[in-house]
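Please open the model in a viewer and keep the sequence panel at hand.

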Amino acid sequence: MTQIKKVILLFLLITSKNVFSQTLSFENLNKYLDYIENNNLGVGSISIFEEDKEVYQKSFGQKNIQNLNYDNNTKYHVGSVTKMITATLVFKLIENNQLKLTDKLSDFYPQIPNSEIITIKNLLEHTSGLGSYVVKDGEVWITKKVTEEEILDLIIEQGVIFQPNEKVKYSNSAYFLLTKILEKKYKKSFFRIFNTEIVNPLNLKNIASIKSDPKNIFKPYKFDNNEWSELKEEIYFPNVIGVGDIVSTSKELNVFINSLFQNRIINKETLEEMLPILNKEDWGRGIATWTFDDHIFYGHGGDTLGSHALTIYNKEDKLSISYNTNGERISKEEFVKSIVYALYNKEFKFPEIK
């Protein structure tokens with residue numbers, strides 16, 4: 001490469017970076033979040049990372065809840081964002097040749113229907129045909145403690161909805177089984193695996209599996225009669241270990257997803273196996289695609305009975321957004337869409353006040 005070409009390339013790189021940085025509008029984002037807070041439309045926290053560093057953080061709506069105590073370390077239940085972490089731990093085993101995507105479920109749980117043809121890959125990408133053990137007779141039944149045997153019995157009773165690879169259908173049962181496989185392979189509890197393989201190496205302080213007995217966690221709230229009141233019923237989180245039990249701040253969700261995409265947890269080739277194939281898959285193997293016009297993000301969302309979360313990463317711009325709420329009046333999908341539009345100076349609408 002000639003010296004002139006090198007100079008031109010360097011100029012283009014610098015210019016493109018400057019153009020990108022000018023497109024982020026935190027002013028628009030502040031206006032949107034202030035509107036949400038001032039009109040009592042939600043309670044939560046946003047963290048934004050660019051180039052692996054936090055460039056924006058804001059909590060909103062907490063002032064509208066009487067006698068609420070919280071600080072920057074108060075954690076939210078993140079629901080099924082947990083599944084992305086479980087999938088990452090599975091891929092660490094695959095990377096270390098301790099497990100293969102083609103391994104059969106029957107190697108671990110032969111009593112599960114179709115276990116002889118369901119693979120680890122099927123479990124990861126929701127193509128196993130297994131159902132969702134968190135729902136029984138049309139209702140969420142895990143609000144009280146149940147045993148592992150009861151959960152396995154229900155998974156067997158629910159059977160299969162379709163044959164492996166026929167279609168994609170979100171399966172909590174698949175990730176319950178993946179968690180139990182992790183524990184069998186590592187010979188330790190999920191929370192200890194998580195701490196050893198992710199929390200401690202990344203020096204995380206405010207993300208934890210529920211079995212670690214974390215403190216300082218937001219309670220969930222609902223909006224009734226023009227005020228927020230604490231939800232009395234919530235999932236019994238030890239029933240969803242590895243499926244939806246993790247708590248975290250928005251910032252530490254961002255630390256995790258940036259570490260994942262910067263290959264500090266698994267290598268680049270392994271990460272590519274997790275990702276959805278663009279224009280072919282919405283779900284990969286533990287990671288989903290979130291598209292906002294021409295901006296493509298990868299990540300995972302999560303819902304409990306009262307808390308909701310989303311953490312997503314844009315590879316092109318090295319931009320990540322993590323959102324948590326324990327008081328939702330606008331769906332997290334619509335909320336984050338408005339956030340992305342505000343950031344990129346696209347037209348967005350303030351939500352209607354009902």
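Select Asp293 first. At 48% relative accessibility, Asp293 counts as partly exposed; buried means under 20% relative accessible area, exposed over 50%, and partly exposed in between, with a 1.4 Å probe and protein chains only. Asp293 sits in the loop between strand 10 (288-292) and strand 11 (295-303). Helices (H or I, at least four residues) and strands (E, at least two) are DSSP runs, numbered from the N terminus. Although Asp293 is not a glycine, its phi is positive, at about 55°. Most residues other than glycine have a negative phi.

The model is a predicted one, in which local features need pLDDT of at least 70 and side-chain atom pairs count only at pLDDT 80 or more, while totals for chains, interfaces and linings use all residues. Residues are numbered from 1 along each chain as its sequence is written, and side-chain values use heavy atoms, with hydrogens and water left out.

**Aromatic pairs**

Next, select Phe292 and Phe297. Rings of Phe, Tyr and Trp (its six-membered ring) pair if their centres lie within 6.5 Å; planes under 30 degrees apart count as stacked, over 60 as edge-to-face and the rest as tilted. By this rule the chain has 17 aromatic pairs. Phe292 and Phe297 form one that is edge-to-face, at 5.8 Å centre to centre and 75° between the planes. Phe292 is buried, with a relative accessible area of 7%, and Phe297 is buried as well, at 0%.

Move on to Phe348 and Phe350. Their ring centres are 5.5 Å apart and their planes stand at 70°, so this pair is edge-to-face. Phe348 counts as buried at 18% relative accessibility, whereas Phe350 counts as partly exposed at 39%. Now extend the selection to Tyr32, Tyr35, Phe60, Tyr323 and Phe335, which belong to one aromatic cluster with Phe348 and Phe350.

Select helix 7 (residues 190-199), where Phe190, Phe191, Ile193, Phe194, Ile198 and Val199 are buried. These residues cover an arc of only 155° around the axis, which puts them on the same side of helix 7; the arc is that of the directions from the helix axis to the C-beta atoms. Display the elements against which the buried residues of helix 7 pack: helix 3 (81-95), helix 6 (172-186), strand 6 (207-208) and helix 8 (250-261).

Which residues does Leu182 touch, not counting residues up to four places away in sequence? They are Thr86, Leu89, Val90, Leu93, Lys187, Phe190 and Ile193, where contact means heavy atoms within 4.5 Å. Leu182 itself lies in helix 6 and counts as buried at 0% relative accessibility. Leu182 and Thr86 are 96 residues apart in sequence and 8.4 Å apart in space, C-alpha to C-alpha.

Select Glu183, also in helix 6, which counts as buried at 18% relative accessibility. Its side chain is joined to that of Lys180 by a polar contact of 2.6 Å. A polar contact is a pair of N or O atoms within 3.5 Å; within protein, one must be able to donate a hydrogen and the other to accept it, and residues adjacent in sequence count only if both atoms are side-chain atoms. The side chain of Glu183 also reaches the backbone nitrogen of Phe190 at 2.9 Å.

Step to Lys187, in the loop between helix 6 and helix 7. Lys187 is exposed, with a relative accessible area of 73%, and has a positive phi of about 60° although it is not a glycine.

**Ser171**

Select Ser171, in the loop between helix 5 (148-158) and helix 6. Is Ser171 buried or exposed? Ser171 is buried, with a relative accessible area of 0%. Its side chain reaches the backbone oxygen of Gly131 at 2.8 Å and that of Leu130 at 3.3 Å. Apart from residues up to four places away in sequence, Ser171 touches Lys83, His126, Ser128, Leu130 and Gly131.

**The whole chain**

The chain has 10 helices and 13 strands. Along its principal axes, the C-alpha trace spans about 65 × 60 × 35 Å. Buried residues make up 55% of the 354 residues.
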